Amino acid sequence: MNRRRLCLGAAVIALVLPLAGCVTVHGERANVPSVREDEAARVLANFAAVNNRVGKVYDAGGIGAVESGALGTTDEAGLRAKHANHPDGNAGFRPLAFSDPRYLIPRQVGWPKYFVADTATNRATGARWLLVFRRSAAGQPWKAVYVASVATADVPKFARDKDGYAVVLGLAGTDLLVQPGQLSADYATYLGGSDAGTVFAAGPATSQLRSGRSAHAQNANSVTQYADQPAAGGDFTPVALRTADGGALVFFASHHQSRATFRAGYKLAIDADTKALMTGTPRTSVTLSHLADEAVTVPPAGGSGRAVFLSRVVGLVSARGE
């Protein structure tokens, strides 16, 4: 998936009920929809506009106003690298366009609040993007924190409450196979080689990734070591939506580092974008830090199902040479 997706703008919501006079409903205390649908549509339109503006000129400084979390961190690093190598911008830039948007808007008490835009794009044929927007407090802008590119046929059917709103699940205390707040840590542990209590189904992001690492960990020219850490808190907090089958779709992030040490005299070949993000001088080793943006379906506990990755978008965020 192309990492040049970009972001979105500010929205201030005044939720008013027509009772005896106008009474403002406070989002920090009442269980209210996180956003009006017309406002969500404006947020998505502004996302495309800002995406196109900063993507055309590789404006890393501009992306932070409209993106955050896993999406914002990887996009900022990618834009910074591209700008270093192409200071005149992207002459072949193709504007991002959305079509057939649908909105998953939950009722929520307190802050932050979330909603998800489920939309077709001109970037991914046969797939839809699920963009998670987060608003940290009243008066703060909506920022995209996660994105998933999911084959259209694999987009889950989401549960709705009696009024048609999406259903958000908490980080803990759910009836799921694994708690949303534990997924990132469990995934990091799994990639580190643990099979104890495995909750993940086999696939490219799990069993195939581990076997690929093993196959490339050592060769005639280098030895590579891997380290994986969970990402949590703030704009990296997972977001879970109940699906119609009783499970959930969970968005989360994770940190991944690799350190390759090369034999004496080996001539390193490093691509331009990695060089742009690199500190130090790569003489005998290179350490790469990546951030992964993931969407996983998690079944209810008690059955035979496993957590299945629907999307995993990985971006390089820093590099160090020694």
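User: Which residues of α1 are buried?
Analyst: In this predicted model, the buried residues of α1 are Glu39, Ala40, Val43, Leu44, Phe47, Ala48, Val50, Asn51, Asn52, Val54 and Gly55.

User: What do those buried residues pack against?
Analyst: Their partners include two helices, α2 (60-63) and α3 (69-85). They also pack against the strands β4 (98-104), β6 (113-121), β7 (127-135) and β8 (143-151).

User: Why would residues three or four places apart point the same way?
Analyst: An α-helix has 3.6 residues a turn, so positions with that spacing face the same way.

User: How many residues does α1 have, and how far does it reach?
Analyst: Helix α1 covers residues 37-57, which is 21 residues. From its first C-alpha to its last it reaches 31 Å, close to the expected 30 Å.

User: What follows the helix?
Analyst: Tyr58 follows α1, and this residue lies in the loop between α1 and α2. Its phi is near 55°, a positive value in a residue other than glycine.

User: Is Tyr58 buried or exposed, and why?
Analyst: Tyr58 counts as buried because its relative accessibility is 9%, and the cut-off for buried is under 20%.

User: Changing topic: where is the cis peptide bond at Pro112?
Analyst: The bond runs from Trp111 to Pro112, with omega near 0°. Pro112 lies in the loop between β5 (107-108) and β6.

User: Now the whole chain. How many helices and strands are there?
Analyst: The chain has 6 helices and 15 strands. Of its 322 residues, 46% are buried.

User: What does the radius of gyration say?
Analyst: The chain has a value of 21 Å, which agrees with the value near 20 Å that a compact globule of 322 residues would have. The C-alpha atoms fill a box of roughly 80 × 55 × 35 Å along the principal axes.

User: What share of the contacts joins residues at least 24 apart?
Analyst: The share is 70%, among contacts between residues at least 6 apart in sequence.

User: And what about the surface and the charges?
Analyst: The accessible surface comes to about 14600 Å², and carbon and sulfur atoms account for 53% of that surface. The chain carries 33 positive and 25 negative charges, whose mean positions are 4 Å apart.

Conventions:
Residues numbered from 1 in each chain as written. Predicted model: local features only at pLDDT ≥ 70, side-chain atom pairs only at ≥ 80, totals over all residues. Heavy atoms only, no water. Helix = DSSP H or I, 4+ residues; strand = E, 2+ residues; numbered from the N terminus. Expected span 1.5 Å × (residues − 1). Buried < 20%, exposed > 50% of the residue type's maximum accessible area, 1.4 Å probe, protein only. Contact = heavy atoms within 4.5 Å. Rg over C-alpha atoms; globule rule 2.2 N^0.38 Å. Areas by Shrake-Rupley, 256 points an atom, 1.4 Å probe, with all protein chains shown as cover. Lys, Arg positive; Asp, Glu negative; His and termini not counted. Charge placed at Lys NZ, Arg CZ, Asp CG, Glu CD.
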